[in-house]
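User: I would like to go through this structure with you. Could we begin with a side-chain contact?
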Amino acid sequence: SYKFKDELIGYGGIVNISWENLRGEISFLLRTDIANTKKDYDEYFPNFLILVQNIAFGELSLYRIFGELFDLRPKYSKAFKNSGFILDGVLKAHNIINDKPVDSKVYGLVNNEEKIHPSFNNNNPNVLITSISKKVPLIKSVMKGVRKINKSIKVFGGDSNNLCIGKYFVDEFWEMSKIDELPVEALINFCKENKIGLIIPSRDGELEYFSSVKKQLQEEGISISISDKENILSCLDKLKFSQLKGIRSIPTSENIEDVVGNRIVVKERYGAGSDKIGINLDKKNALAHGAKLKTPIYQPFVTGYEISVDAYISLEGNVKGILMRRRDIVVSGESQVTSTFRDDKMEEEFKRTLVALNLYGHVVLQAIISDKNEVFVIECNPRFGGASTLSLHAGLDSFYWAYLESVKVSIKDHQFIRSQKEFTQVRYPQDFYL
């Protein structure tokens, strides 16, 4: 929709898209009383050409866009040329208009990242993902996202295990010290030596460390896609999380006597939610299970189905995009099969929750929808999740946005274009040959 002062004056977009060849055709229509006017030639159409480039190249990763113009409007040709389009050719007598043959001009533009993103970080262009382990889909997603900015960006992967699978999929591998043995000075030196301007942590156990050194990194010109320490700790502590204002969570207590109901869930207060969890236990077995845990907490068992909510929260604290997915098959706490779905009312409720948490970057909420259709938030992972790549596939462009924000580019005008189609993701091992 194309508006001027909140008034709809036209519409436009990209049609006839060839995904195989990564190209699309520009379409643009204005209200008849303002089409072919000076304001149209000088303002409306040129502005549209800027917007459509951002969508085509920045959001959709197309390689080429083009437009066909009847040779009746030379001022439109000027707008194409001023926006960088090249005259690809002229189709002689291609159309009959008012009983007369008219030529068609075809103007095309090939993706030029430097032009679309003039704020490309020449000093520290590269990216470091930490604790890469075997997170190959994560690595590939980061590469795809940041290389919309510039294809020369290198993606480094760090891990304390020199034998990790992920090392074969990054541009450069760093055998980094274990996180509790890594001096911030060593981290800064590595980033400076390798021109790294953005760090993406990927494991719960390192979030507190990186949030503690976030300010020091920023002073050295190194951004980190992570929330502030206080808010991260509130998410990692499940008891504290359940007591936060603005969160509709399942009642949680360290004392089993506080649990209302006969069936109980027992889990560790800190760490991954699936770690040594006991589900749907009676009181006796719940106590026995809790005795095996370091810091057990107890919750009433709620019947229903689990979902995950992926979201990206901008530096200004706005929910840039949100996408919900069902956890169809879960293995060891991770979604083996997961599928997207839409529910506008539920999305708005989760947006309010995310704003209340005051987080930044990619965030994953785990929630349960009860048999009574009540929504309860179970926990929040303030990082990219194992199955979050499905949300990226459906339009949540977290790493692209994170890189833009790391180089001080506002993402306000870089739109979240959610796929109208729903997808199911099946995660499985795959062979790779060197």
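User: Which side chain makes a polar contact with the side chain of Asp-204?
Analyst: That of Arg-383, at 2.6 Å; a polar contact is a pair of N or O atoms within 3.5 Å, and within protein one must be able to donate a hydrogen and the other to accept it, while residues adjacent in sequence count only if both atoms are side-chain atoms. This is a predicted model, in which local features need pLDDT of at least 70, side-chain atom pairs count only at pLDDT 80 or more, and totals for chains, interfaces and linings use all residues. Side-chain values use heavy atoms, without hydrogens and water, and residues are numbered from 1 along each chain as its sequence is written.

User: Is Arg-383 buried or exposed?
Analyst: Arg-383 counts as buried because its relative accessibility is 16% (buried is under 20% relative accessible area, exposed over 50%, partly exposed in between; 1.4 Å probe, protein chains only).

User: Where is Arg-383 found?
Analyst: In the loop between β19 (375–381) and α11 (389–393); helices (H or I, at least four residues) and strands (E, at least two) are DSSP runs, numbered from the N terminus.

User: Changing topic, what is the strand order in the open sheet of five strands?
Analyst: The order is β9-β8-β7-β10-β11, with parallel pairing; two strands pair if DSSP finds at least two bridges between them. β9 (172–175) and β11 (223–224) are at the edges with a single partner strand each, so one side of each has no neighbour in the sheet.

User: How many bridges link β7 and β10?
Analyst: Four, between residues 126–130 and 196–200. Leu-128 has Ile-199 in β10 as its bridge partner.
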